[in-house]
Amino acid sequence: MANIIILGVKVPFTSGGQEVLVRDLMREIKQRGHKVDLIEMPFAVWPKEKILNQAAYWRTLDFDKLGGEKVDLVICTKFPTYYAKHPKKSIWLVHQHRMVYDLYGGRYTDFSDDPRDEALRDMLKSGDEKVINEANYISGISQNVVTRLNNYNNIQAEVLYPPLPLGGQYKQGTQEDYILSVGRLCSIKRVDLMIKSMPIVHKHIKLKIVGTADEQGVMDYYQNEIAKHHLQDRIEFLDRVSNEDLIDLYSNSLAVYYAPFNEDYGYVTLEAMASAKPVITANDSGGVLEFIKDNENGLILEPTTDSIGHGTNRLVEDKEFAKKLGTNGYNWVKDAGLDSSGWDKVLKGLLSPLGN
């Protein structure tokens, strides 16, 4: 039996895939007979000048012994947890600080070519390379995350896909007249593309949105778009829902929309597939494209309202085609072992520094 600490960060008042991943990882480690606990600290993206301070704080912490007990292993998840020092450190990388990597210079970051931003970016990049290379074992939650790490930092890592959060509980239901969107409500998730495509989509089709806002002003923006196109009776915001309700929403949808920009992984993709539903995504959606194949288990479209609207109508007008795509996705998930059995590979890698 080993004493294991998982290190995480928490953006206050938000919830997403990171929380699910850490929760499930703790459960699986406990089931294998180890003692495990979680240490999280708050993380703030702004002001960006304070980001180095947050990395430095993690660096000052001593995790070798906590609560009078020796810590045998720490497992780091996303930036800046991997700045922690420990003689046995595993990394299961959710993502680095993307604003200085793949998002740099685009619409989803406030880092520019200002010399001060460049200097901060260089310090974060060199810091990441130093502390990540200290780890005894390095992995990422998707090929997309691992490829970024290699492209920007020249660091090799293994891909360890997180298994489905609700294991074998997903089910196949009917094809009701709604598209389902699940996830945090913020600009990079691009729920607005689906909202703005709804005037193109056949009028009897509704959009159900599960998730909470974690970006200032995003709900006002959505509501303005809904009012502009007179969509009040076709779009429903469901906020957070129970696991049981989420399973039902997946199982009875016509299709699941999930088209974030350059996604790290995206549980939603696999949850839709496990529910035998086709996924509507975009050709720049990153990790989603590791699972979705165009016209095989979903639709990969241009990230425009026209493309998404007309693509959705293909599924609305041909429900047998939609069903075929969903069935293909369901079969792929089963064959890939991304249900609860997938944890064996994950834990074999993450616990490898223990040497047993």
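In helix H2, Ile51, Leu52 and Arg59 meet Leu120, Met123, Leu124, Lys130 and Val131 of helix H3, where contact means heavy atoms within 4.5 Å. By class, this contact of H2 with H3 holds six nonpolar, no polar and two charged residues (Ala, Val, Leu, Ile, Met, Phe, Trp, Tyr, Cys and Pro count as nonpolar, Asp, Glu, Lys and Arg as charged, and the others, Gly among them, as polar).

This is a predicted model: local features need pLDDT of at least 70, side-chain atom pairs count only at pLDDT 80 or more, and totals for chains, interfaces and linings use all residues. Residues are numbered from 1 along each chain as its sequence is written, and side-chain values use heavy atoms, with hydrogens and water left out.

Here is the geometry of the two pairs.

| Helix pair | Angle between axes | Axis distance |
|---|---|---|
| H2 (residues 51–60) and H3 (residues 115–133) | about 20 degrees | 11 Å apart |
| H3 and H4 (residues 143–153) | roughly 115 degrees | within 11 Å |

The angle of about 20 degrees between H2 and H3 makes H2 roughly parallel to H3 (angles under 35 degrees count as roughly parallel, over 145 as roughly antiparallel, 65 to 115 as roughly perpendicular and the rest as oblique). The axes of H3 and H4 cross at roughly 115 degrees, and that makes H3 roughly perpendicular to H4. On the H3 side, Arg121, Lys125, Asp128, Glu129 and Ile132 make the contact with Leu149, Tyr152 and Asn153 of H4. Those residues divide into three nonpolar, one polar and four charged.

Conventions
Axes fitted to C-alpha atoms, helices over the stretch in contact; angles between N-to-C directions. Helix = DSSP H or I, 4+ residues; strand = E, 2+ residues; numbered from the N terminus.
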